[in-house]
Amino acid sequence: MPTPHEAEKQHTGPEEADRPPLMSSHDAAPSGPPSRNPCCLCWCCCCSCSWNQERQRAWQASRESKLQPLPSCEVCTPPSPEEVQSWAQSFDKLMHSPTGRSVFRAFLRTEYSEENMLFWLACEELKAEANQHVVDEKARLIYEDYVSILSPKEVSLDSRVREGINRKMQEPSPHTFDDAQLQIYTLMHRDSYPRFLTSPAYRSLLLQGAPQSSSEA
């Protein structure tokens with residue numbers, strides 16, 4: 001016959017049978033609320049994951065350093081007569097002059113091709129960027145503004161260059177648009193630059209720097 005103590009161990013009431021087993025220390029639930037795993041595909045500001053914070057910082061930096069419109073020709077420092085004359089010597093000298101670029105950009109605007117200069121300048125800014133997060137964002141903006149066929153400011157690029165850009169956009173770098181920048185530079189050199197040299201705007205600058213001795217005599 002079992003002892004009273006053994007009988008008590010063998011007896012299991014309905015309430016005790018339905019009670020869930022106790023968890024061990026290894027199975028115990030954490031005392032605090034469960035930590036939220038950072039989302040990796042967050043495109044909004046609904047969470048505070050580290051990826052989203054990095055993206056917001058990159059976006060802000062890009063907004064602050066985004067290309068500002070070039071000042072108008074009147075705001076630029078007036079070029080010397082020698083500098084104006086040097087612009088006719090080579091396209092490189094024109095493009096290396098901040099005032100020359102501004103005057104040339106104003107001319108391109110009259111020909112409805114100002115986006116060529118804007119794209120070239122945006123590529124120059126991208127090549128000077130060292131922060132990878134900012135590079136990613138700037139590359140995306142350049143693509144949307146000047147490469148996408150949906151953009152009203154799309155520049156003229158051949159299919160080979162476009163395909164190369166699409167491949168490089170998977171991992172953008174400061175040199176993602178180098179081939180496209182060279183193609184647009186060549187286009188401006190061969191197409192727009194000769195007309196600029198015979199334009200009223202450039203001729204006016206040449207006359208402003210011409211010697212006045214004949215009129216004074």
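Predicted model: local features only at pLDDT ≥ 70, side-chain atom pairs only at ≥ 80, totals over all residues.

Biologist: At what angle do H7 and H8 pack, and how far apart are their axes?

Modeller: In general, a packed pair of helices is described by two values, the angle between the axes and the distance between them. Here helix H7, residues 114-127, packs with helix H8, residues 132-147, at an angle of about 170°, and their axes are 11 Å apart. Angles over 145 degrees count as roughly antiparallel, and H7 and H8 are therefore roughly antiparallel to each other.

Biologist: Is tyrosine 146 buried or exposed, and which residues is it in contact with beyond its neighbours in sequence?

Modeller: Buried means under 20% relative accessible area, so tyrosine 146, at 7% relative accessibility, counts as buried. This residue is found in helix H8, and, leaving aside neighbours within four places in sequence, tyrosine 146 is in contact with Glu115, Leu118, Phe119, Ala122, Ser151, Lys153, Glu154 and Val155. The C-alpha atoms of tyrosine 146 and alanine 122 are separated by 9.7 Å, although the two residues are 24 apart along the chain.

Biologist: How many salt bridges does the structure hold, and how should I read one?

Modeller: The general idea is that side chains of opposite charge can pair when their charged atoms come close. The structure holds 11 salt bridges, and one of them joins glutamate 144 to arginine 140, with the closest N and O atoms 2.6 Å apart. Both residues lie in helix H8, 4 residues apart, which is about one turn of the helix. Glutamate 144 is partly exposed, with a relative accessible area of 39%, and arginine 140, at 24%, also counts as partly exposed.

Biologist: Which residue forms a salt bridge with glutamate 154?

Modeller: Glutamate 154 forms a salt bridge with arginine 162, the closest N and O atoms being 2.4 Å apart. Glutamate 154 counts as partly exposed at 28% relative accessibility, whereas arginine 162 is buried at 18%. Elsewhere, salt bridges that share partners join Arg105, Arg109 and Glu114 into one network, in which the side chains of glutamate 114 and arginine 109 meet at 2.9 Å, N to O.

Key: Residues numbered from 1 in each chain as written. Heavy atoms only, no water. Axes fitted to C-alpha atoms, helices over the stretch in contact; angles between N-to-C directions. Helix = DSSP H or I, 4+ residues; strand = E, 2+ residues; numbered from the N terminus. Parallel < 35°, antiparallel > 145°, perpendicular 65-115°, else oblique. Buried < 20%, exposed > 50% of the residue type's maximum accessible area, 1.4 Å probe, protein only. Contact = heavy atoms within 4.5 Å. Salt bridge = Lys/Arg side-chain N within 4 Å of Asp/Glu carboxyl O.
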